[in-house]
Structures are given as C-alpha cells and as structure tokens.
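Here is a short tour of one protein chain. Look over the sequence and the structure first, then read on.

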Amino acid sequence: MGAGEEVSSSSSGNQNGSHSDITNVILNVYDLTPINNYSYWVGFGIFHSGIEVHGKEYGFGAHDFPISGVFEVEPKSCPGFIYRCSILLGCINMPFSEFRALIESVASEYHGDTYHLISKNCNHFTEDMVHRLTGKRIPGWVNRLARIGSLCSCLLPESLQVTTVKQLPEYHEMEDGTETLSTASPGGSTEIDDTDPEKQLLSPKDGNSDISFIKEAQMCECKVP
C-alpha cells in the first residue's frame, strides 16, 4: 500500500560508527491507536513517523518553546508509540557530517511550539526530509488524516487542531562534540494532562531519557563594515 517497500531490520540504515557515506533512507511508522489495526487495511489511520538515516531515527514533536522540536531516538523505538512497519524510500550517498548539518538546519524550521496536528505534524516533517534527501514522498496513507482535516478543520475542536506538550528541552554535550537536547520540565515533572487524549497521542509518556532533541543550526550574523 503506497510507495516504497517494507524492510526488515537487516536493511536498517548504517550506524554512525561505520563512517560509510552510503545510507538507506527508511520511514519508520508507528500506531497512535489500536484502531489502526482495523482502519490500516482500508488506507486510513492515525500514525506517527520518523526518518531513519545513518543508524538513527529523527522525528518532530511538540513543546511550548520557540526552539527545535526535532529529536533523535534509536530506530523503531520511539517511546510512547507502537511500532508498525518500516518502508525503504531510497539510498543516498551523504557523509554523516553533511547529514548532521542538514538536520540541524531543518530543525530551525521545526520549532516545538509550531507543531500543529493538521498543518505541521511529525509526518509533514518526515515527508519534508525524505523529499530533500531523495526527491520522493512518503506513502499517502501515513498522513491522510491531516490532509482530510485540512479540508474540514473548521469542524474540528480547537483541542485537536492545536496541541502542545509542556516540556522544556535542555541541551547536553555528546561524546562526539555535538550538542543535543533532552526533555525536562519545570519542577522536575512533565506537565501533561492525562485526561486529554490528543496530548497523549503527541507525547512520549514513558520517560524521555531515550529522546535527544537536535540543536538547530545557528544563523551567522555578518557585520557590514
């Protein structure tokens, strides 16, 4: 169903430590609700997706701050979601350092406080990244709910149209010298309203120690003499 082909774990992207410039571009798709077990077969469902490149998976999530909402996790292991399948979308020749510069640049376009379930969600991010890397699009069924919602957003409740998670990303220095972010929240606890099902869908609930937010590239301020 849709473009690309489902892949097994043996087809996973290269690990950073391999220093290979050639890597697969893989879309990892997750279920947000058990209803997908029935609706998936008719081309409809509520999904989260991440893009796997050079052995890491990258996604986009919501928080309340005007900084990067792009994060990385171990492939097929995004906390709070149910892994469904992986779809191979291509193979590229790009050094990890070049890819890292690209993802940090893209992160500046995807701040956590700009997340919108209908117009700018995790699947919009993965489609953008896949198109930049391969010129392809993700399968239409992955983000069909958002496209349908954009046509009738006036009928959707405000809580579904705009949803954020009150988490404060914090920077941490990594061993390779790059900086990433982990999530924390004021007072040491995550302020998520468990009575709001949409917030549960958009936020990893099982602790965030496995999630690192990508620090966006800093714009160079050039002074004219």
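Predicted model: local features only at pLDDT ≥ 70, side-chain atom pairs only at ≥ 80, totals over all residues.

Start with helices α2 and α3, whose crossing is right-handed. By class, seven nonpolar residues, no polar ones and one charged residue make up the contact of α2 with α3.

Helix α2 covers residues 96-107, and helix α3 covers residues 122-134. Two packed helices are described by the angle between their axes and the distance between the axes. Here the angle is about 140°, and the axes lie 12 Å apart. That makes α2 oblique to α3, because only angles over 145 degrees count as roughly antiparallel.

Which residues of α2 meet α3? They are Phe-99, Leu-102, Ile-103 and Val-106. On the α3 side, the partners are Phe-125, Met-129, Arg-132 and Leu-133.

## The nonpolar cores

In soluble globular proteins, nonpolar side chains tend to be buried together. In this model, the largest nonpolar core has 30 residues. Those with the most contacts inside this core are Val-29, Ile-51, Phe-99, Ile-103, Phe-125, Met-129 and Leu-133. Several elements give two or more residues to this core: β2 (22-31), β3 (47-53), β4 (56-60), β6 (82-93), α2 and α3. Which element gives the most? It is α3, with five residues.

Take Met-129 as an example. Leave aside its neighbours within four places in sequence. Met-129 is then in contact with Ile-51, Phe-99, Leu-102, Ile-103 and Val-106. There is also a second, separate core, with eight residues. Among them are Tyr-30, Leu-32, Cys-78 and Ile-211.

## The loop between α2 and α3

Ser-108 sits in the loop between α2 and α3. Its relative accessible area is 28%, so Ser-108 is partly exposed. Ser-108 and Ile-67 are 41 residues apart in sequence. In space, their C-alpha atoms are 7.3 Å apart.

Tyr-115 is also placed in the loop between α2 and α3. Is Tyr-115 buried or exposed? Tyr-115 is buried, because its relative accessible area is 5% and buried means under 20%. Along the chain, Tyr-115 and Gly-61 are 54 residues apart. Their C-alpha atoms are separated by 6.8 Å.

Lys-120 is found in the loop between α2 and α3 as well. At 22% relative accessibility, Lys-120 counts as partly exposed. Which residues does Lys-120 touch, not counting residues up to four places away in sequence? They are Phe-60, Glu-109, Tyr-110, Thr-114 and Tyr-115. One of these, Tyr-110, is ten residues from Lys-120 in sequence. From C-alpha to C-alpha, Lys-120 and Tyr-110 are 8.5 Å apart.

## Two residues with positive phi

Next come two backbone angles. His-54 is not a glycine, yet it has a positive phi of about 55°. Where is His-54? It is found in the loop between β3 and β4. His-54 counts as buried, because its relative accessibility is 1%.

Lys-76 is not a glycine either, and it has a positive phi of about 65°. Lys-76 lies in the loop between β5 (70-73) and β6. With a relative accessible area of 22%, Lys-76 is partly exposed.

## The whole chain

Now step back. The protein chain has six helices and nine strands. How many of its residues count as buried? Of the 225 residues, 47% do.

Contacts can also be sorted by sequence separation.

Key
Residues numbered from 1 in each chain as written. Heavy atoms only, no water. Axes fitted to C-alpha atoms, helices over the stretch in contact; angles between N-to-C directions. Helix = DSSP H or I, 4+ residues; strand = E, 2+ residues; numbered from the N terminus. Parallel < 35°, antiparallel > 145°, perpendicular 65-115°, else oblique. Left-handed = near helix turned anticlockwise from the far one by under 90°. Contact = heavy atoms within 4.5 Å. Nonpolar A, V, L, I, M, F, W, Y, C, P; charged D, E, K, R; others polar. Core = buried A, V, L, I, M, F, W, Y, C linked by side-chain atoms within 4.5 Å. Buried < 20%, exposed > 50% of the residue type's maximum accessible area, 1.4 Å probe, protein only.
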